[in-house]
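Here's a quick briefing on aromatic pairs, a helix contact and a pocket. Have a look at the model first.

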Amino acid sequence: MKRVFGLVEAIFDSLYLLAAVTIGLVLLLTGSGSLARVLCGVMALVLAGGDSFHLLPRIAVIRSGREERYRAALGRGKLITSITMTLFYLLLWHVGILVFGQSGGMWSYILYALAAVRILLCLMPQNAWFERYPPVSWGIARNIPFFAIAAIITVFFYGWRTQFAGFDAMWLAIVLSFACYLPVVLWSNRNPKIGMLMFPKTCAYLWMLAMFLSV
């Protein structure tokens, strides 16, 4: 059963990366004259590029069964993904500003400050990225500003959801992704099966990418 699940995970991760890259390239190639569409394409590629640093070693572990061999690559991938996900949401904020025709105002400065704190926390050695079971306390600490970023952007997209039909459910996709992500942050070290929530989390991101195509 474990072997079958590993195969399903590897196929799912591969299809996700392929879909994200494809959507990103489509958006960039068809984004002439639309800054928002170009930014959406960049976002998709940032998402796929960052996640690939973690998912490709993960696929290698599934195929080889030699987790220790890829421990450093997995840890490095988690660090890179943490940073690129932060950039993803900053870009999403600016896409929302463009699409809804709003001004970010002081909220843009607040988001950039939170992102800077988040990235700084991610770079701290206390995260122990290369250990099998890194400290949960640092996982919580670095995700506090990340959740704050998501909360601000969720409220923004919810408030303006009727202004652009293609983004009317963007707020919900963000909420679902973080609802799946939170238990992983808190309890995956104790119960690895909770990591399965990353499947619906990834589906929520694919939903977000699909919405970008409407820009």
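The count comes to 21 aromatic pairs, taking rings of Phe, Tyr and Trp (its six-membered ring) with centres within 6.5 Å. This is a predicted model, where local features need pLDDT of at least 70, side-chain atom pairs count only at pLDDT 80 or more, and totals for chains, interfaces and linings use all residues. Residues are numbered from 1 along each chain as its sequence is written, and side-chain values use heavy atoms, leaving out hydrogens and water.

- Phe 88 and Tyr 205 have ring centres 5.7 Å apart and planes at 75 degrees, so they're edge-to-face (over 60 degrees; under 30 is stacked, the rest tilted).
- This pair ties together distant parts of the chain, with Phe 88 in helix H3 and Tyr 205 in helix H7, 117 residues apart (helices are DSSP runs of H or I, at least four residues, numbered from the N terminus).

**H3 against H7**
- The axes of H3 (residues 71-100) and H7 (residues 198-212) come within 14 Å and cross at roughly 35 degrees (lines fitted to C-alpha atoms over the stretch in contact, with angles from 0 to 180 degrees between N-to-C directions).
- On the H3 side, Met 85, Phe 88, Tyr 89 and Leu 92 meet Tyr 205, Met 208, Leu 209 and Phe 212 of H7 (heavy atoms within 4.5 Å).
- By class, that contact has eight nonpolar, no polar and no charged residues (Ala, Val, Leu, Ile, Met, Phe, Trp, Tyr, Cys and Pro are nonpolar; Asp, Glu, Lys and Arg charged; the others, Gly among them, polar).

**Pocket lining**
- H1 (2-29) gives the most to the lining of the largest pocket, with ten residues (a pocket is an open set of points on a 1 Å grid over the protein atoms alone, where a 1.4 Å probe fits, with protein on both sides within 12 Å along at least five of seven lines; lining residues have an atom within 4 Å of a point).
- By class, the lining has 24 nonpolar, eleven polar and 15 charged residues.

Methods. Helix = DSSP H or I, 4+ residues; strand = E, 2+ residues; numbered from the N terminus.
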